[in-house]
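I want to see who pairs with whom and how buried the partners are.

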Amino acid sequence: MPSRPSLRRLPTLFGILFSIAFFGLATPASATAPDTRGNSNSDVICHTSDPKDCYPRIFEPTDEFQKVHDDQEIPHGLHVRLNVYTGYKEAKINVPGEGDSSLEGPAVEQDIVVVEQEPRDEPIIPKGAPVYEAAGKIKGPRQDAKAFIDAMKLLRSGKGEKHSAFDALLEGLEDLAHDMYYGLQVAEDRDVIKALLCRMSHSSNSPDEGFPPRDQQAAAILAGSLQNNPTALAAVAKQWTKIMDHRCPSDGKPLRSTFFQSITSPHVRGDAGEILAAAGRVKAKVAALSGLIKDPAIRADFLQNDGMRELLRVLIPEEKEWSTAQRKVGLFVMDNFLDEEMGAVIGQWPTGPKLPDDQCKKEEWRTAEGCWDYNVARIARAQKGDKGHWSKELQSRLGAVRKSDVVSSQHVEL
């Protein structure tokens, strides 16, 4: 709740901001000369060479308020406001009679709004739903949760394989796990996480050919629950040590000794279909792993347990069916260890120098840390005509880190 002096200053603040907004919003968007890479008629505005920084010349509204860039054109009839806390102009589709008192203002297409810091009335949150976190408010269930509850029960029981609807429930759980609310419910349930990791650690096909392999399904559920959901990741990380001590029913071994070593299984002999199936499993498991190692402690565990050696195995096969899985691994390495813009902490990996190519050609050295360069370079040479191939960026970033002071000159041991 704002203090009384702050409340007395609001009319003055509102008047100043309204004046600024009036003149700013009255200025035609075309008055700004955006950088559109030499094409004045371009539908996209780019101020840098990075395509990720581009945005549409004409603002594309949705039902939610979004930031409007200064050089974007705003279609007529939208609800436009200035958020005084962020300083950004925001707009969305105008809904007449929407009845949100906190957004009331002059009856015009463009207005200025003081966005209250106090929470507005919200729909009733179901019992057990998580409270507001800095990562964002997590909304309650959007649909009937019976299928979700049934799938969670089967996973906890450890007897799901014998249930006729198990695979269908896994598929439904994968869809729901992408929702932040359900994703957090999965992450907070230690028994469910144990079951998912155990299934990921042991390849298992569905008896129904209409469903993906069960280890792939388990990986997809875990990846979905962690994607863009830091609250869910924190819940898994909090329990990680106990989870890794869990012994899987299938072999009686603790997850600590099997999980990271089972992420990849590329040495498949068979037809193209069998290789593609194996590559699909790897892609799903790498996606789940990428979500997990966003936590520093889990990342350290991954590195200590030779996780990078296992990933390097994916780059060794030369069959074209492995190309998408190899790309997934390449992006994983850049995003988590080599590209600071993607959140990587430079210096955690690699820890040793590049090894000579002649040494890396020997079978016993193929998966040594110093042989990442050799395997990436081999893939890059096979893609001479594709300048934007992921292997070339990985080769460049890996070489740059190798030359820096963060990589020690210690010898690599098998």
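Predicted model: local features only at pLDDT ≥ 70, side-chain atom pairs only at ≥ 80, totals over all residues.

I looked up Glu 73 to begin with: its relative accessibility is 31%, so I log it as partly exposed (buried is under 20% relative accessible area, exposed over 50%, partly exposed in between, with a 1.4 Å probe and protein chains only). Residues are numbered from 1 along each chain as its sequence is written, and side-chain values use heavy atoms, with hydrogens and water left out.

Which side chain does Glu 73 meet in a salt bridge? I find Arg 57, at 3.0 Å from N to O (the term means a side-chain nitrogen of Lys or Arg within 4 Å of a carboxyl oxygen of Asp or Glu). Glu 73 sits in the loop between strands E3 (66-68) and E4 (79-82) and Arg 57 in the loop between E2 (55-56) and E3, so the pair ties together parts 16 residues apart in sequence. Helices (H or I, at least four residues) and strands (E, at least two) are DSSP runs, numbered from the N terminus. I also see Asp 43 linked with Arg 57 and Glu 73 in a network of salt bridges.

Next entry: Asp 301 and Arg 256 form a salt bridge at 3.6 Å, N to O. Asp 301 is in helix H10 (residues 296-304) and Arg 256 in helix H8 (residues 255-258), 45 residues apart. Asp 301 is buried at 10%, whereas Arg 256 is partly exposed at 29%.

Total for the structure: 17 salt bridges.
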